[in-house]
Amino acid sequence: MHATMNATMKQLSLTLALMSLWSLHVLAQGTLNGRVTDENGNGLPSATVVVDGGKGAFTDLDGNYSLTLAPATYKVTYSFIGFFSKTETVQIQNGQTATLNVRLDEDAVMLNESVVIGYGVQRKKEVTGAISTIDSKEITAVRTPSFEAALQGQAAGVQVTQGSGMAGSGSIIRVRGLSSISAGGDPLYVIDGIPITQDYFLGGNQGAMNRNPLASLNPNDIADIQILKDAAATGIYGSRGANGVILITTKRGTRQGVQVSYSSSLGYGEPSARPTMMTTEEYLTIRQEAWENDGGTGYVWLPYLSTASDSPEARRLAYENALKTNTDWFDLMTRRAQKTQQNISFRSGGKWWSMYNGISYDKNESYAVGNAYTRTTLRTNLTLKPLEGLQLDVQANTSQGVNQRVDGGWSGGIGAAMSTALPYMAPYVLDTLYDDEGNIDEVVRDYELDRWGNPYVSLVNQNRLWRETETRNFLTGQLTYTPTTRIDVILSGGLDQSIVVEDNWRGEVLNQFDNNADTRLNWSERTSPNFNFGGNVTYRIQDSDTSSMSLMVGGEAQKFASSGYWASIRNVEGPTYMVPEVRDSIDLYYQNSELTRPEWIEGINPWIDIPTTFASTFARFNYSLRDKYFLQATARVDGSSKFGRNYRFGFFPSVSLGWVVSDEEWFSSSAISFLKVRSSWGRTGNSNIGGDAQYERYADQTMGSTYAGDTIIYPLSPGNPNLRWETVQTVDASVEMGLFQDRVSVELGLYNKMASDVLMNSELPAHTGWAGRFINAGEVLNRGVEFSITSNNLSAGRDFQWKTTGNYNYNYNELVSTGGYTADAISGGTNDSRAVPGAPLTTYYLVPFSHVDAETGLPVYIDINGNETFDYNLEDRRAVGDGLPDHIAGLTNELRYKNWSLSALFTASIGAKIWDSSAKRQLGVVTDWNMRTELFDRWRQPGDEAMFPRLTLDETTYGLPNGFPWWNTSLFMYDASYVRLRNLNLAYNIPMESGDITLRVSGNNLFALTNFMGLDPELVRDFENAQDRNFSGGANYLTAPQERSVIFSINATF
Amino acid sequence: MNLRIHTLLAVLISSLVFPSCTWLDTAPEDLVLADDALETEEDLQALLVSCYDVLANIYDGDVQLINELRGDHTAEPRSNGELQAIHARETIRWNSYVGGMNREFFFPVLRVNALFDAFNFVPGIAAETQNRMRAEGSFIRAFCLWGAVKIWAQPYGFTADNSHLGIPLPIEFGDNTYPRATVAEAYAQIESDLAVAIEFLPEENGVFATKDAAKALLAQIKFLQLDFESAAALATDVIASGRYALEAPSTPEEFLRLRLPIGNTSTETIFGTFSNPDISDNRADKFSDWWRPTTNPEITLDPALYQWYTQIATGSSEDGRMAWLENRPAEGQLWLKRFSEHDYFNVPLIHLTQMMLIRAEAYGELGSNLATAIDDINAIRTRAGIVSDVYLLDATATAEDVIEAARMEYRKETLGMGLWVEQLQRRGTMGEDITIRNAPWDCDGMALQFSASEGNVEGFTFNPVGGCN
């Protein structure tokens, strides 16, 4: 079949070359026109239309074509890369116009599709690495807080855990498992050839949320995304390819004419789940029972209303008073969020140029009251071909992301609504004020902040104004010189600059207990430029008709820096975006340190960040024999300023082979139309740590510390001059198949990734006097299977079409070694996950819970010897589960009937566990937190079989150590497996004379099937650092649930 | 054409393939690297001062509180679970307050080790200067190791040969880890350091360590080792130096400031830390944080202590030190006002009355020099405002009378300073039937648990969790 296709292509080339000659003839007696579309009815621009006999044409931007033909009967062949060619017969009559509209079916195998690889493109047939491609349609189909979340379920071996429903929240992406311990475990993001800034911790962890560096990117500007997974694919990125590489290519202009696309959407969002917090009556009942279980008599004391030492009468009054209020705090702190998006883009071009311009505005409120992310972007991509063999590509993008922040998690807001905000507390009470004559002067709201941390106050009357604004500028360019058909010379460079300004202002009401200030403003600005420049030369050799080879050699250098300053301000009327002169003063006194600061500027300090640089040299060799045997070898030498001189450079080679078995003459199969096997080995690295880990550092007088009037110098960190790259050796073996004339494509891959010298930020024992240091000590194994399928179940000219795409990945993860450190040496922040050799990363290290004793109601644990015990002993902790799924899958079904289409994307994650750290207090010892109704299933009397033990206010009842109420037992670890309807999409396409209009309604996160006893089994909490992010992906601490949204949109293309 | 192309290629490839190595030298200007930090004598002096700095940070009320909670002076802390755990003598590895203190005790040790290491590569330091620095460093290291071994190990004398486990002894600069040494080894190291300190410390050294301070520290150690002769001799050396004198407070306000001055050094202080209100540098803030008798102090005294003062202790009706206490029977609380009336004060860590009372008790134990001992005790009682003869020891007082009186005054003088529990433990090692809040003086849990970080490396032996109540 492919031989036929090649012949067709040759014929087409010849035909196109002669087109101009044909145009000289004026013999036409009839006209053939029509439109070539894909299965969705979208016009295919630049599709080829060839009439037997040689005449042909390209379609225009909308897929329209027109040919003038002599009267006769013709066979007309329509073809487009990535689609099956189709031949139709038409009769042309003198003076008449025949119309032939053709719908092409997608080729599931798409051998001739160009695939973007590192520093180049390759024909898919020649690719010997594991690469998944996701196009723009799949990225924009799902409305997400940030574009990367849309990758969920789209590619085998790519686990995407979407962040919470908070506006602008990021996702965690793991490509073929997790190999890193303390270094960042996220893949490398490369936009138009430039590795971008992707530090999640530049803004720290404020308000229980990390800043998402990807939130400001406009998904509508993305043409497609390639995810490089194995060493053959990522090897060319060497030291930064170990966690996979995500290549993002933005849209380009068109060959000719102007195409305008406009889209508008409107929708709403709400929490995908609501917490089962108790009402006042329920909470008081539970609390009273706990009190009585502990031997208390009379009414239980109530936080904020009474104390344990109060008289029985005082406690009774407090109890009865509490019953008068019942506040649903979650309801109060959430809303139905509005979402709106406007995009307009222009694609234009001529003989020597093409251009893409895109403008977008996206306001994405979250369901948390007061929280919204507004993104405005402007992009221009320009391609110039001023001379034959010379091409200049310039991509410029500027965006502004404004995040109206609110507290969450441990910091308050919705987190408080699930914890400290007790139902018997009111958001405010009304106080009546009287004038001097005793008349009612005013009735005011009293938020009672003197009694408790009322989370509602921040949301009203502009008491809290917190805004984070990121301005992100990309400017990248490539100059390609092709002096001969054998040589490409490419020079490239780019700047990725992020400027983040944060204003966090607390008004008088919130600041009323601050003796030194009426209001407070914490302000900061951080500028992070990322320079990248390099180039490469490709030399191609065509030895004969049967073999060809190419060699690409290149180099690259990158510098990342970050600087800025922060200020503590008091007694100002508002944040700097409302009171600009405050910003002017900050700048003035920061830039002129000799000036005496006014008292209201309490401090201005610089961020001290360490610039990091990379310098790299790389080469790739490709050899093709008979267009069915393929060899690729890559090598990269990377140098990084992050490592000591002795280990500054790393060498990262890879080699891979591919064999198109179906092209062998002896191969014959009616079912298998295409069969390719490929295998690769390679070594990649990870250097995603800070720039200071290698240095032995001191603090000196420049930090301002003194003692008794004398300056001091002291050691800060021990450094590690032998710090080096974390390396991953990957072996991959895969089979690609096309079945039933390529209507079905299947890919099956096996991989084995062994990470060694894994970077560990090991906490040093107290007696060393040091806090910790980075070392290379760990070994991590990831081993797995991945499978993907694309099946055109019903197609080819039918009104009803059905296409299925699916993917599946099984991954086995094991921390093989920590180099002699114990489990507690490496932990996931406060999340009770530990580095346990022999267990997966993200392992929860807890005291196993057995059951509730039916006679006593006390919890029964499993000791280290496997025996049941009432004693809760932290020395009995062990690996009880982990947060990494064993199986992940995605399944999309697209149904089409004429102009209607319906698609559904299901995603699944099986085998991960969630450690619900906040359940320790929502379902454990009765404290000053509100609790969840699941606790009703508690022991109450001898003989009860219950999920939860007898209630108590005293942690020692459960055997917990005195003063240590954190109940680290597997009772609160839950199965997080789920199947989720990620996206349901109904669209109607209205064909137009020129272009088309699509009306669409889509629902996201409509439901999830799960046994998880909590809000949402898919969650990403806030993290303290990269290690925490690696280890605590499945940990929950008052994390806001996902968002369920419904979006109505219209897309028009002219 | 081909030649030009090849030339172009050669230039491009060479420029791309061999990027400059200097590009990777991003030695950050804002960072102070080890090679640059310690180059001169002034740098080493600054490093030495940093040892005092961190010592002042941990003895700002925190170490003193830990030791009070281990003893029999305090009621259960009001709400802080980690402090309650210390009081209950049931600390676990994850008690962040105890673990944090565990780590902080070794900050000065690390810095002293760094100082000694720097002597190897910083040129031009006169031998006299180096000796003085080495002596100060040795003093600080001894002070911290002794402070740590008293908290995280059973006391000296718990076993006959002191082979029970003490603390790790990191005395080399670096990040090597060590197992726990025995208590005997720990005390040997401490005494070795103090020998250097005594030999080379100056007699006058501003707010920093002096020869007297080293001798006074060693006197306390010898006292706990039941080497009463050495303890008395060392204490006598310090007292006889004439550099220290008892204060003479007369009003309640002055008693509240006894040994807690600001702006100057108490005449009683042999070694202490320094606060500077002019730059908001408060090295006593934890005293007021924990004990401040506002509406609901976190730490209060055990009301039974008030009974001891009024019913057992001698001369309390005339004792000006009673100004330190505020009995609040309605709340069932006894407040310590000694620290919380001042925002800033210099914290005395070794002082004259300790030396006088150690000497007195040592003489009592030795049965010699009782007249001197009686004078010491009476001087302290008189200074306290006790004037009635009945409350003063007369010349016929026996050795037992002296011991009892010395202990009584030691308890009063050091109230809140965390120095009483070690005396109870010492008496336990002497064979007395000592219980501390109804638990044996040597029960599990009296030695606090180490930081969880100590378990990050295989082989570390933790203390039993305890729970002796």
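**Note on the predicted two-chain model**

1. Of the 469 residues of chain B, 53% count as buried (20 or more other C-beta atoms within 10 Å of a residue's own; exposed means 12 or fewer, partly exposed in between, with C-beta atoms placed from the backbone). This is a predicted model, in which local features need pLDDT of at least 70 and side-chain atom pairs count only at pLDDT 80 or more, while totals for chains, interfaces and linings use all residues. Residues are numbered from 1 along each chain as its sequence is written, and chains are lettered from A and ligands numbered from 1 in the order in which they are written.

2. Confidence. Chain B has a mean pLDDT of 92, and 94% of its residues reach 70 or more (pLDDT is the predictor's confidence in each residue, from 0 to 100). For the complex, the predictor gives an ipTM of 0.94 and a pTM of 0.87. Where pLDDT is low, the predicted coordinates should not be read in detail.

3. Chain B overall. Its secondary structure comes to 17 helices and 9 strands (DSSP runs numbered from the N terminus: helices are H or I of at least four residues, strands are E of at least two). Along the principal axes, the C-alpha atoms of chain B fill a box of roughly 115 × 50 × 50 Å. Take the contacts in chain B between residues at least 6 apart in sequence: 68% join residues at least 24 apart. A contact here means C-beta atoms, placed from the backbone, within 7 Å.

4. Nonpolar cores. The largest has 295 residues (a core is a set of buried Ala, Val, Leu, Ile, Met, Phe, Trp, Tyr and Cys residues joined through C-beta atoms within 7 Å). Leu55(B), Phe139(B), Leu145(B), Ala214(B), Leu217(B), Ala219(B) and Val402(B) touch the most other members. Helix H7 (residues 127-152) of chain B gives the most to this core, with 13 residues. A second, separate core holds 19 residues, including Val36(A), Ala47(A), Tyr65(A) and Tyr74(A). Back in chain B, Leu217(B) is in contact with Ala142(B), Phe143(B), Leu194(B) and Ile350(B), leaving aside neighbours within four places in sequence.

5. Helix H6 of chain B. This helix (residues 96-118) has 23 residues and reaches 32 Å from its first C-alpha to its last, close to the 33 Å expected at 1.5 Å a residue. The expected span is 1.5 Å times one less than the number of residues. Of the 23 residues of H6(B), 17 are buried, so the helix is largely enclosed by the rest of the structure.

6. Helix H16 of chain B. Its 15 residues (399-413) should span 21 Å, and the end C-alpha atoms are 21 Å apart, which agrees. Buried in H16(B) are Val402(B), Ala405(B), Ala406(B), Glu409(B), Tyr410(B), Arg411(B), Lys412(B) and Glu413(B). Their cover includes helix H14 (352-366), helix H15 (370-383) and helix H17 (421-429) of chain B.

7. Interface. Chain A and chain B each put 59 residues into the contact. The chain A side has 30 nonpolar, 20 polar and 9 charged residues (nonpolar: Ala, Val, Leu, Ile, Met, Phe, Trp, Tyr, Cys and Pro; charged: Asp, Glu, Lys and Arg; polar: the others, Gly among them). Strand S37 (residues 697-699) of chain A runs antiparallel to strand S1 (residues 32-33) of chain B, joined by 2 bridges. Strands pair if DSSP finds at least two bridges between them. Arg697(A) stands opposite Leu33(B) in S1(B).

8. An open sheet in chain A. Five strands lie in the order S11-S18-S19-S14-S15, with mixed pairing. Strand S11 (131-135) and strand S15 (194-195) stand at the edges, each with a single partner strand, so one side of each is left without a neighbour in the sheet. Strand S18 (residues 222-228) and strand S19 (residues 245-250) of chain A pair antiparallel over 6 bridges. Ile222(A) stands opposite Thr250(A) in S19(A).

9. Positive phi. Ala208(A), not a glycine, has a positive phi of about 60°. Ala208(A) sits in the loop between strand S16 (205-206) and strand S17 (209-210) of chain A, and is buried, with 23 other C-beta atoms within 10 Å. Asp742(A) also is not a glycine and has a positive phi near 65°. Asp742(A) is in the loop between strand S41 (726-739) and strand S42 (744-763) of chain A. Asp742(A) counts as buried, with 23 C-beta neighbours inside 10 Å.

10. Phe531(A). This residue is found in strand S29 (residues 520-541) of chain A. Phe531(A) is partly exposed, with 16 other C-beta atoms within 10 Å. Not counting residues up to four places away in sequence, Phe531(A) touches Leu495(A), Gln558(A) and Lys559(A).

How values were computed:
Contact = placed C-beta atoms within 7 Å.
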